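Me: I'm new to reading protein models, and I'd like to learn how to look at one step by step. Could we go through this together?

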Amino acid sequence: MAPMYMCFVFACFTLVPLVTASGILVNRLPWRLTAINGFSWANCDAETLPGKIQSLTLLPDPLMIPGEITVCTILNTTVLLTAPVKIQVTAEKEVMGEWLKIPCLDNFGSCTYDDFCDILDDLIPPGQLCPEPLHTYGLPCHCPFKQGSYYLPVTSFEVPSLSIPSWFSKGNYRLKIVVSNGDQEIGCAKLTFSLAGTYI
Ligand SMILES: *[C@@H]1O[C@H](CO)[C@@H](O)[C@H](O)[C@H]1NC(C)=O
């Protein structure tokens, strides 16, 4: 009986991460991201919020990974952004014609980041110069962010091989990203793209 019980426990441990809360069967085969296709963006809510994407371009399409990526963006805010800046991501994957919500696993997926300001401070110790290309263009990398228009001119950089969790498998995705400050919703963006990859 003992081996059988052990086997059951083991099966539960392996199955629990496989069948997640949203019912997506997580793919555990080793997988490597090779390209991002058809990236598009939109502001939600008919652009009524104080924070907006004025423009965002990611080139080329498809973006090969590893490879060179070119970014250009203008982000606007008509309000001051001070800590805590909450970011809520809702990630969905198209599975047989239906959009299924992806859970938050390893900080990927439908995650809530309670204070993006803290995350920035962890990534870039305050007091250091902001990393390129932000430094060159005088763009800030810590809270607070003043109201205004933040322009990142055409900038290219190399994207290395990304080790994203293998359950973020190939297919069509859409993300809704809501930025808020206390009770105030600052901005909301929707991104769509598809991931291509190979099993390794
Ligand atoms: C963003 O700000 C710039 C500069 O103030 C302005 O010209 C532009 O219209 C704004 N865009 C949006 C979408 O509000």
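This is a predicted model: local features need pLDDT of at least 70, side-chain atom pairs count only at pLDDT 80 or more; totals for chains, interfaces and linings use all residues.

Me: Where does Thr-155 sit, and which residues does it touch?

Reply: Thr-155 belongs to strand E10. Leaving out residues up to four places away in sequence, it touches Val-71, Cys-72 and Pro-133. Cys-72 shows how folding brings parts of a chain together: it is 83 residues from Thr-155 along the chain, yet their C-alpha atoms are separated by 6.3 Å.

Me: How many residues of strand E10 are buried?

Reply: Strand E10 covers residues 148-159, and of its twelve residues zero are buried, so the strand lies largely in the open.

Me: And how do I read the way strands pair?

Reply: Strands of a sheet pair through backbone hydrogen bonds, either parallel or antiparallel. Here, strand E4 (residues 67-77) and E10 run antiparallel and are joined by ten bridges. As an example, Ile-69 stands opposite Phe-157 in E10.

Me: What is the order of the strands in that open sheet?

Reply: The order is E2-E4-E10, three strands with antiparallel pairing. Strand E2 (51-59) and E10 are at the edges with a single partner strand each, so one side of each has no neighbour in the sheet. From one strand to the next, the twist averages 10°.

Me: Can we try the neighbour count on a loop? Is Thr-136 buried or exposed?

Reply: Thr-136 is in the loop between helix H2 (116-123) and E10. With 11 other C-beta atoms within 10 Å, Thr-136 is exposed. Its C-alpha atom is separated by 9.8 Å from that of Leu-152, 16 residues apart along the chain.

Me: Which residues make up the largest nonpolar core?

Reply: In soluble globular proteins, nonpolar side chains tend to be buried together. In this model the largest nonpolar core has eight residues: Leu-49, Leu-81, Val-85, Cys-117, Phe-145, Val-179, Ile-186 and Cys-188. A second, separate core has five residues, including Leu-33, Ile-36, Leu-63 and Phe-168. Over the protein chain, buried residues make up 12% of the 200 residues.

Me: Which residues surround the ligand?

Reply: To read a ligand site, list the residues around it and then sort them by type. Lys-52, Gln-54, Asn-76 and Ser-149 surround the ligand. This shell has no nonpolar residues, three polar ones and one charged one.

Me: Finally, how many helices and strands does the protein chain have?

Reply: The protein chain has two helices and twelve strands. Along the sequence, their pattern reads α-β-β-β-β-β-β-β-β-β-α-β-β-β. To see how far apart in sequence the contacting residues are, take the contacts between residues at least 6 apart: 68% of them join residues at least 24 apart.

How values were computed. Residues are numbered from 1 along each chain as its sequence is written. A residue is near a molecule or strand if its C-beta atom, placed from the backbone, lies within 6 Å of it. Ala, Val, Leu, Ile, Met, Phe, Trp, Tyr, Cys and Pro count as nonpolar, Asp, Glu, Lys and Arg as charged, and the others, Gly among them, as polar. A residue is buried if 20 or more other C-beta atoms lie within 10 Å of its own, exposed if 12 or fewer, and partly exposed in between; C-beta atoms are placed from the backbone. Helices (H or I, at least four residues) and strands (E, at least two) are DSSP runs, numbered from the N terminus. Two strands pair if DSSP finds at least two bridges between them. A nonpolar core is a set of buried Ala, Val, Leu, Ile, Met, Phe, Trp, Tyr and Cys residues joined through C-beta atoms within 7 Å. Two residues are in contact if their C-beta atoms, placed from the backbone, lie within 7 Å. Axes are lines fitted to C-alpha atoms, for helices over the stretch in contact, and angles run from 0 to 180 degrees between N-to-C directions.
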